[in-house]
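Let's walk through this one together, question by question. Have a look at the sequence and the fold before we start.

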Amino acid sequence: MTQIGWIDFSTRDRERVKQIIERIRPEGQLDELGVGYLRDNISDLLFPGISTIQTRAKYFFIVPYILLDYIRYPKNKNAKSTLLSYLQDEEHKIKNLLRNKYIGQKNTRIIGVTLSENKRVKRNPSEIYWTGLNTFGCINSQDLSNSQLSLKNYLSNIEKHQTTARSIVQDDENRDDTMNWEDSIFGIHVPAPAINWDDADNISINLSTTEADFLKSQFVHFKNPLLQKSLIPSFVTNDNLLKLLFTCEDFQAFVVKALELDIAESLKTNLKTAYNFALIVEIAHLLYDDILQKKFHPNEYKKAFEAEARALILQLDNKIIDRSSFDLENIFKLSNRRIQSSELFIIEFWKLIQATSNQPNIELTPLVTLLKSREYQNKGRKSRLQQTKQYNSDILPNKRISLTKFQYRFYNVRTLFQDIQKALQ
């Protein structure tokens with residue numbers, strides 16, 4: 001990711017630079033209605049351990065390999081730096097090795113590939129993949145209360161135990177026993193890395209056969225309730241479902257086809273819930289973008305967002321899957337901390353579009369009124385509808401700014417399994 005820095009000499013200069021940066025932000029990423037957390041909860045239900053900023057499956061091994069090198073070989077230890085610093089330095093080194101090896105190739109999805117050698121990424125793979133590493137059992141950082149440790153606390157524990165671990169076995173003939181004992185103590189369960197895996201000649205962003213087999217096995221056999229209740233194990237055990245993951249255009253098309261397959265009823269229920277919720281919220285965001293366009297670009301706006309929203313409302317009876325069993329409470333109860341204002345907004349919006357869809361002529365006024373009220377409730381004085389065009393320069397004519405159709409990390413899961421499939425071919 002390209003980074004921009006500046007020295008500002010006045011409030012006006014700072015505001016102008018802020019507006020320029022806002023204009024280059026990708027389309028459709030703002031959660032002005034405050035429902036993004038519900039999407040994330042559903043994503044965790046369907047695809048735990050996956051995030052939208054994960055790129056390649058190899059990072060599920062690169063991070064543990066770095067930690068194993070630190071634990072196993074004293075030559076890597078630097079008394080002047082912490083394990084966190086060591087990990088970050090090694091991740092930076094790996095970034096540059098991968099960058100140099102794959103330079104000129106497109107769509108490698110290597111983290112930091114566009115940065116120069118001396119530039120560091122804002123978020124290292126260890127941070128991006130930490131939850132996934134624990135979810136899939138590549139690393140088990142649980143404390144005595146069976147709670148996942150933060151990356152920082154986990155690394156601190158390794159540092160505290162290093163002296164004890166090394167004092168148990170000193171001689172080379174027992175090195176294998178030492179390695180196994182240390183790996184178990186620190187909860188690192190990935191296959192042993194190849195010798196010199198991080199040399200320039202050996203480094204790879206692609207999985208080895210061993211790594212791919214390990215991930216597939218973990219998806220099915222690792223005893224994590226969240227994982228076992230999700231869709232991920234089914235992609236290993238059901239070839240037809242995996243084929244849909246690779247061939248369907250988006251999550252919505254995947255759901256329609258997946259419901260025809262022989263999969264667990266609980267999975268079908270979760271898929272239908274996710275599909276229906278995405279449809280409801282897509283209508284809300286289309287209408288919200290329509291409101292913004294009419295306010296800030298009344299002459300240039302072609303009213304495409306209103307037309308899309310009207311079409312979805314008209315097709316609601318055909319689009320919603322199994323409406324009689326659809327219950328928003330199944331989504332709300334996924335939250336550890338429930339937000340009543342968001343829930344009430346979604347409930348009311350759902351009621352209104354159901355009532356509206358039955359009208360001969362769709363009347364959008366009640367929906368628009370609710371959306372305006374919700375945006376102000378969620379954003380307060382930062383509400384875009386309360387500001388002038390000067391402070392909304394990132395709203396471009398006929399461009400969406402709010403969250404686009406929910407995909408629930410579908411494309412990231414596809415990349416993960418494509419990497420596995422490629423390694424096993």
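Here, buried means under 20% relative accessible area, exposed means over 50%, and partly exposed is in between (1.4 Å probe, protein chains only). This is a predicted model: local features need pLDDT of at least 70, side-chain atom pairs count only at pLDDT 80 or more, and totals for chains, interfaces and linings use all residues. Residues are numbered from 1 along each chain as its sequence is written, and side-chain values use heavy atoms, with hydrogens and water left out.

Q: What pLDDT does the protein average?
A: pLDDT is the predictor's confidence in each residue, from 0 to 100. Of the residues, 86% score at least 70. Residues 1-9 are below 50, and residues 166-179 stay under 50 as well. The protein's average is 88.

Q: Is Phe417 buried or exposed?
A: Its relative accessibility is 4%. The cut-off for buried is under 20%, so Phe417 counts as buried.

Q: Which kind of pair do the rings of Phe219 and Phe417 make?
A: Rings of Phe, Tyr and Trp (its six-membered ring) pair if their centres lie within 6.5 Å; planes under 30 degrees apart count as stacked, over 60 as edge-to-face and the rest as tilted. Here the centres are 5.5 Å apart and the planes sit at 45 degrees, so the pair is tilted.

Q: How many residues apart are Phe219 and Phe417?
A: Helices (H or I, at least four residues) are DSSP runs, numbered from the N terminus. Phe219 belongs to helix α9 (residues 209-221) and Phe417 to helix α20 (residues 410-424).

Q: Which helix holds both Phe345 and Phe349?
A: Both of these residues are buried. They sit four residues apart, about one turn of the helix. That helix is α18 (residues 340-357).

Terms used:
Contact = heavy atoms within 4.5 Å. Helix = DSSP H or I, 4+ residues; strand = E, 2+ residues; numbered from the N terminus.
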